[in-house]
Amino acid sequence: GSMMTPHVNPRATEYGIVLRGTGRIQIVFPNGSNAMDTQIKGGDVFFVPRYFPFCQIASRSGSLEFFGFTTSARKNKPQFLVGATSLLKTMMGPELAAAFGVSEETMRSVVNAQHEAVILPTPWAANADQNNKNKVESLPSIIKNDMIMNF
């Protein structure tokens with residue numbers, strides 16, 4: 001199972017239709033609290049309002065195929081919250097590190113740790129060695145919450 005990078009649509013609501021497979025969709029209110037975390041399967045339909053961060057996660061036992069589209073007369077550019085094209089990369093600096101209560105070096109290593117851009121391997125699919133586990137355990141608790149680290 002893999003995960004589509006958590007992202008936000010700044011100009012449009014996104015609609016999705018699960019074509020086949022099973023998985024989960026996690027949606028967060030703009031204030032960071034959990035809006036929805038539910039299982040999805042072939043035939044399900046979902047929508048995500050603009051500005052609500054969300055991600056789709058394939059089940060451990062197979063794939064998740066869905067078709068998604070957005071509603072906007074203007075060009076909608078999803079803002080990815082993690083990964084190689086993370087919005088955080090554009091915000092890198094002492095202010096971002098201070099907001100998370102970590103050094104700039106720590107913030108830079110966290111933001112630059114993910115090399116994939118849109119589809120991320122899950123911990124059980126990736127061959128994570130003990131060193132990677134130790135790196136996660138040493139992160140500040142604000143960074144290793146369920147939404148970001150446990151998929």
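Tutor: Let's start with a term: a contact means heavy atoms within 4.5 Å. Keep in mind, too, that we are looking at a predicted model.

Student: Thanks! Among contacts in the protein with a separation of 6 or more, what percentage comes from residues 24 or more positions apart?

Tutor: Here we take the contacts whose partners have a separation of 6 or more, and ask what part belongs to residues 24 or more positions apart. That part is 72%.

Student: And how many helices and strands does the protein have, and in what order do the elements run?

Tutor: The count gives five helices and nine strands. Reading from the N terminus on, the order is β-β-β-β-β-β-β-β-α-α-α-β-α-α.

Student: Is N9 buried or exposed?

Tutor: First find N9 in the loop between strand 2 (7–8) and strand 3 (13–28). Its relative accessibility is 1%. The cut-off for a buried residue is under 20%, so N9 counts as buried.

Student: With which side chain does the side chain of N9 make a polar contact?

Tutor: Start from the residues in contact with N9, leaving aside its neighbours within four places in sequence: E14, R50, Y51, F54, T70, N76 and P78. The polar contact between side chains has a distance of 2.9 Å. The partner of N9 in it is E14.

Student: Y51 is on that list of contacts. What is the phi of Y51?

Tutor: Y51 sits in the loop between strand 5 (45–48) and strand 6 (54–58). Most residues other than glycine have a negative phi. Y51 is not a glycine, yet its phi is positive, at about 70°.

Student: How accessible is Y51, then?

Tutor: Partly exposed lies between the buried cut-off of under 20% and the exposed cut-off of over 50%. Y51 therefore counts as partly exposed, with a relative accessibility of 43%.

Student: Now for the surface: which element gives the largest share of the nonpolar patch?

Tutor: The patch is formed by Y15, I17, L19, V45, F47, F67 and F69, with about 670 Å² of accessible area together. Two or more residues each come from strand 3, strand 5 and strand 7 (64–71). The largest share is three residues, and it comes from strand 3.

Student: V45 belongs to that patch. Is V45 buried or exposed?

Tutor: You will find V45 in strand 5. Its relative accessibility is 62%. Since the exposed class is over 50%, V45 counts as exposed.

Notes
Residues numbered from 1 in each chain as written. Predicted model: local features only at pLDDT ≥ 70, side-chain atom pairs only at ≥ 80, totals over all residues. Heavy atoms only, no water. Helix = DSSP H or I, 4+ residues; strand = E, 2+ residues; numbered from the N terminus. Buried < 20%, exposed > 50% of the residue type's maximum accessible area, 1.4 Å probe, protein only. Polar contact = N/O pair within 3.5 Å; in protein donor to acceptor, adjacent residues only side chain to side chain. Patch = residues over 30% accessible without salt bridge, like charges linked within 9 Å, V, L, I, M, F, W, Y side chains within 5 Å. Areas by Shrake-Rupley, 256 points an atom, 1.4 Å probe, with all protein chains shown as cover. Salt bridge = Lys/Arg side-chain N within 4 Å of Asp/Glu carboxyl O.
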